[in-house]
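Please look over the sequence and the model below before reading on. The paragraphs that follow go through a few places one after another.

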Amino acid sequence: MADASGRTLGTEELEAVARVLRSGMLSSVWGTEVRALEREMADRHGVSHAVAASSGTAALHLAVAAVAPDPGDEIITSPISDFGTVAPILAQNAVPVFADVDPLTGNLDPEAVAAAIGPRTRAILAVHLFGAAVDLREVADAAGVPLIEDCAQAWLARYPDGRLVGTAGAVGCFSLQQWKHITCGDGGLAITDDAVLARRMRLFADKGWPRDGARRHVSLGLNYRMTELAGAVARAQLGKLPRVLADRRRTARRLAVALADLPGVHLPSDVDAHAWWLFPIVLDPPLTNHEVAGKLAAAGVPARAGYLDLPLHCAPALTEAPVYGSSRFPLTVPPADRLPVYGPGAFPVTERMLARTLLVIDWNERYTDDHVDEIARAVRTAVTG
Ligand SMILES: Cc1ncc(COP(=O)(O)O)c(C=O)c1O
């Protein structure tokens, strides 16, 4: 049956690692690989700047730090995402504010985002879930706040107008973690056309050190630098990205066609714009995701119900755990009438999707037509049988 764990690592990456080791320079402060990766990433997206980081979470932290929320400011984001989306908000002492999602895509509902905007909203952090673009440009513009795009799952995904995700807002953030479209184990990239944001992000990734001759630190920063080894692997992977997307889209189209007439299932409609990190399916009642996922897993299909066991607004890290020491700061900053809404019942569409309607099938560039046909047969049997 289909194995979703395959990667595209090969001789190019081996040569890249050997090249770095032979050079004797493993740090990007003095090496050439990470700087070249940044240039290649910026060029591929048609933007002026890219800043590499040690993970996707770190890239998002650079972006959040660069838009400079004051302690207690709010950043609106999705309750269906990796925790790496919200951790940087908390780490900058800002308050994650969630909004509910569209019941067919799991992406933030623009109207719900607009309704969540308040006097302390400092940014909107859009998550292009599973590889489908969510368009929050108008909402962010109307609110006059920067849009940060979390493209960790959405390499080379496009908006309906053809624009690449990551290039529409103030900053676009990408992940190179092991199971993303391309990988260097762990790594991240943040892209922007804004020279001020780019400089802030570069400083934040390197201890606030401008590296301009003097040893001085001009702003708070951490060490989020990518190593030359990771950068060289990421460069080889970036070269393979168009092929990875073409292969994922070709097989996703095959599954979408095979399941098009199946009653009770909703599939993404934007096959050629979607990045197909996962293949999401939304079920109509009386079908339930746990039941269908169980049948698929028994048939050897790498499918799961719900994607997350708990939506982010129900994560104990937000509902009950201390954030710093024994304190829940910054979650205690907002006044009583604007305390963040966390816990069960807060976002019913999200909760229903994860508990009952959303099913995800692991997707991979190595799937063959036979794999897809097998998955299609198993889904049809699980849904109709
Ligand atoms: C949507 C999303 N945001 C953020 C992250 C965090 O990326 P990383 O695991 O590289 O830190 C991930 C991936 O894990 C993700 O899927």
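**Helix pairs, buried residues and backbone details**

The helices α3 and α7 are oblique to each other, and this holds because their axes, over residues 56-67 for α3 and residues 195-204 for α7, cross at roughly 125°, while angles of 65 to 115 degrees count as roughly perpendicular and those over 145 as roughly antiparallel. The model shown here is a predicted one. In it, the axes of α3 and α7 come within 9 Å, and α3 passes α7 in a right-handed crossing. On the side of α3, the residues that take part are His 61, Leu 62, Ala 63, Ala 65, Ala 66 and Val 67, and they meet Leu 197, Arg 200, Met 201 and Phe 204 of α7. Sorted by class, the residues of this contact are eight nonpolar, one polar and one charged.

Ala 68 is not a glycine, yet its phi is positive, about 55°, and with a relative accessibility of 39% Ala 68 counts as partly exposed. A positive phi of about 55° is also found at Arg 211, which is not a glycine either. Arg 211 belongs to the loop between α7 and α8 (228-259), and its relative accessible area of 30% makes this residue partly exposed.

Helix α2, residues 33-45, contains Glu 38. Is Glu 38 buried or exposed? At 4% relative accessibility, Glu 38 counts as buried, because buried means under 20% relative accessible area. Leaving aside residues up to four places away in sequence, Glu 38 touches Ala 50, Val 51, Ala 52 and Arg 202.

A second pair of helices is formed by α9, residues 289-298, and α12, residues 369-384, whose axes come within 9 Å and cross at roughly 135°. These two helices are therefore oblique to each other, and their crossing is right-handed. The contact is made by Val 292, Lys 295 and Leu 296 of α9 together with Ala 378, Val 379, Ala 382 and Val 383 of α12; by class, it has six nonpolar residues, no polar ones and one charged.

Which residues of α9 are buried? They are Asn 289, Val 292, Ala 293 and Leu 296, and, seen down the axis of α9, these buried residues fall within an arc of 100°, so they line one face of the helix. An α-helix has 3.6 residues a turn, so residues three or four places apart point the same way. The buried residues of α9 pack against β9 (278-283), β10 (303-305), α11 (348-357), β11 (358-362) and α12, whereas the face turned away from the buried side carries the exposed residues His 290 and Ala 298.

The stretches around α9 have backbone details of their own. In the loop between β9 and α9 lies Pro 286, and the peptide bond from Pro 285 to Pro 286 is cis, with omega near 10°. Following α9 comes Gly 300, with a positive phi near 90°. Another cis peptide bond, with omega about 10°, joins Phe 329 and Pro 330, and Pro 330 is found in the loop between α10 and α11.

Finally, Ala 315 lies in the loop between β10 and α10 (316-319) and, at 13% relative accessibility, counts as buried. From Ala 315 to Pro 344 there are 29 residues in sequence and 9.8 Å in space, taken from C-alpha to C-alpha.

Definitions and conventions:
Residues are numbered from 1 along each chain as its sequence is written. This is a predicted model: local features need pLDDT of at least 70, side-chain atom pairs count only at pLDDT 80 or more; totals for chains, interfaces and linings use all residues. Side-chain values use heavy atoms; hydrogens and water are left out. Axes are lines fitted to C-alpha atoms, for helices over the stretch in contact, and angles run from 0 to 180 degrees between N-to-C directions. Helices (H or I, at least four residues) and strands (E, at least two) are DSSP runs, numbered from the N terminus. Angles under 35 degrees count as roughly parallel, over 145 as roughly antiparallel, 65 to 115 as roughly perpendicular and the rest as oblique. A crossing is left-handed if the near helix is turned anticlockwise from the far one by less than a right angle, and right-handed if clockwise. Contact means heavy atoms within 4.5 Å. Ala, Val, Leu, Ile, Met, Phe, Trp, Tyr, Cys and Pro count as nonpolar, Asp, Glu, Lys and Arg as charged, and the others, Gly among them, as polar. Buried means under 20% relative accessible area, exposed over 50%, partly exposed in between (1.4 Å probe, protein chains only). The arc is that of the directions from the helix axis to the C-beta atoms.
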